[in-house]
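Work through the exercises below with the model open. Try each task before reading its solution.

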Amino acid sequence: MTFATSRIREEVRRNMRIGILGLGYVGIVNVACLSKEGYTVLCNDVKSQKVDRVKRGESPINEPKVAQLIKEGLDKGTIIPMDDPTELIKQSDIIITCVGTPSRPDGEVNLDYLRNVCSDIARSVGEGDKKYVVFRSTVPPGATEHVFNAHLSETKADITPVFYPEFLREGSAVKDFYDYGRFVLGKREGDDVTDLIEILHVNKERPSFITDLRTAEYSKYIDNSFHALKIVFANEIFSLATEHGVNVKDSHAIFTADDKLNISKRYLRPGLPFGGSCLPKDLRELQHLIGQSEREFSLLPSLIPSNDAFISSLLDKVKRKKKAKLAFIGLTFKNDSDDLRESPMLRLLEALRRDGSYQIHIYDEDLQMGTLRVDYPHLYSMVRPIEECVEAAELLIVSKRYLETLLPLKKRGQEVINFSDDQYLSHPELESLYS
Ligand SMILES: NC(=O)c1ccc[n+]([C@@H]2O[C@H](COP(=O)([O-])OP(=O)(O)OC[C@H]3O[C@@H](n4cnc5c(N)ncnc54)[C@H](O)[C@@H]3O)[C@@H](O)[C@H]2O)c1
C-alpha cells in the first residue's frame, strides 16, 4: 500500500461508525473507550432505562472513569444513544454485541440473548450492506459460527463475523481497555479484518494474536479457569500450611519470588502426564497431610487421580490401534535424564507388558545401560538401536525429543503415536516460549 492509499484507508477507518448492542459492564466500557478514541459510537440496550441514563450523560454501572468518558462523548457528539436497534444496525459499519451469556440451571451457557441480537441484525440489514459483526460475549468454541450460520448467513448483506474476547476486569475496566496482556481476534479463514485490528487493537505495544474463531473463543475459558485454579490452589496450599506451623507470609513470598519455575511459563506446556522422582512422591505426602486435616480439600487431592486418568487414556489410545509389535522411542521421564522412576512412558509400557499380548522394543539414548541391567533387567533386554526398533514395529510410540529423529526412518504404512515434546506446540513462536 502506498503512503497515499494508506492515508485514505486510515480516513475511511476513522469514519467507520461503531454500534454497540448491550450496555452492561462490557458494552458501556466499550462505548466509553471507543468514543474516547475518537470514533462515533451508537449504542442501544433492550432495557430502555439504560439508554436513558446514557442520554443523561450517566453511566448505567459504577466503574471508575466511565461516567466521565460518557459525558465527554455526549458533549462531543461521539456517543449517540439510540432507542431503536434497527436504526443502530443500519447506520453502523461495525456492530459489537455485548449481551449477557449467563449459565442455564444445568451449567450450559445460555445463548438466547446472542440469538436475539443476531435476529435483530438479520432483520435490519439490507442487500449488499457491508458490516462487521464483532462478538464480544464469552461463548464456548463453535458458538459464534453456530449463531452466525443460524441467523446471519442467509441475509443478502456482506457480513464478516469475528470473535473478540473481552479480558477487562470490573473495577479497572477502562485501564484494562488500554493496558491488556495481548490482543486476540478470531476470524474465518480468508476474511480481511485489517480495519478491525487497526481500530480495536488500541495498544500496539502489546502482542497481537489473529487466530480462528474457536481458538479465540476458548482463550477466555483458558484464562478464567487458570485464574480460578490459582485462587483455589493458593487457598488450599496456604491453609494447609497454617495447620503445620508454617509462616504463610514467608512461604507465599518464597513461592512467588521464583519466576523461573513457579510464576512462569514452565510446566504450562500441554504434553505427557507428570512423573519422575519428585512430583508423584511429594504429592502423595501432601495427600497424607491433607488426610490429617479437618478441612475439606478438593484440588490438591485431585492431582494424582487426574494424572492417572490421563495415563489410562494414553493406554486406551495405544490399545485401540490393535497392533502387537510396539517400539517405545523415548522412555525416561524427561529429556537428558536417565531417571525412569514413575516415568509416564514406563507406566504405559508396564501396563502393556502386564497385558501380555505385546512385543515391545525400546530406544532411548538417555538410558544408562549399566543401571538398567541392575534395576530394570526386564527392560534391558528390550533395548535396541533405533533402526532395529523401527524395523520390528507396527506401532511407534514416540516421546521426548525423538519425533524428528524418527520420522525419516519410519516405513510406509507404519503408525506413529506422537507423545513427543512438540505434539501440540510445533509453532516456532510457541516453541521459543518454552525453550
Ligand atoms: N462483566 C465482566 O467483567 C466481563 C468481562 C469479560 C467478559 N464478559 C462477558 O461479556 C458479556 C457481557 O457481560 P456483562 O457483564 O456486560 O453483561 P450484563 O448482563 O451486565 O450486560 C448485558 C446487557 O445486554 C443487554 N441486552 C440483552 N439482550 C439485548 C439485545 N437483544 N439488544 C441489546 N441489548 C441487550 C442487557 O439488557 C444488559 O444490559 C458476557 O458474555 C460476559 O461473560 C464480562
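**Exercise 1. The ligand shell**

How do the residues of the shell around the ligand divide into nonpolar, polar and charged?

Solution. First, a word on the source. This is a predicted model: local features need pLDDT of at least 70, side-chain atom pairs count only at pLDDT 80 or more, and totals for chains, interfaces and linings use all residues. Residues are numbered from 1 along each chain as its sequence is written.

Step 1: Ala, Val, Leu, Ile, Met, Phe, Trp, Tyr, Cys and Pro count as nonpolar; Asp, Glu, Lys and Arg count as charged; the others, Gly among them, count as polar.

Step 2: read the division. The shell holds 11 nonpolar, 9 polar and 7 charged residues.

Step 3: find the nearest ones. Of the 27 residues around the ligand, Gly22, Gly24, Val26, Gly100 and Ser137 come nearest. Helix H2 (25-36) and helix H6 (112-124) are the elements that give two or more residues to this shell. H6 supplies the largest share, 4 residues. Helices (H or I, at least four residues) and strands (E, at least two) are DSSP runs, numbered from the N terminus.

**Exercise 2. Strand S4 and its partners**

Find which strands pair with S4, and in which sense.

Solution. Step 1: recall the rule. Two strands pair if DSSP finds at least two bridges between them.

Step 1: take one partner. Strand S1 (residues 17-21) joins S4 (residues 94-97) through 4 bridges, and the two run parallel. Here Ile20 has Ile96 as its bridge partner.

Step 2: take strand S5 (residues 130-135). S5 pairs with S4 in the parallel sense over 4 bridges. Ile96 meets Val134 there.

Step 3: S4, H6 and S5 make a right-handed β-α-β unit. Right-handed means that, with the strands pointing away from the viewer, the path from the first strand over the helix to the second runs clockwise.

Step 4: check the faces. Ile94 and Ile96 are buried on one side of S4, Ile95 and Thr97 on the other. A residue is buried if 20 or more other C-beta atoms lie within 10 Å of its own, exposed if 12 or fewer, and partly exposed in between; C-beta atoms are placed from the backbone.

**Exercise 3. Helix H1**

Does H1 lie largely in the open or is it buried, and what is its span?

Solution. Step 1: count. Of the 12 residues of H1, the number buried is 0, so H1 lies largely in the open.

Step 1: compute the span. The expected span is 1.5 Å times one less than the number of residues. For H1 (residues 3-14) that gives 16 Å, and its end C-alpha atoms are 16 Å apart, which agrees.

Conventions: Near = placed C-beta within 6 Å.
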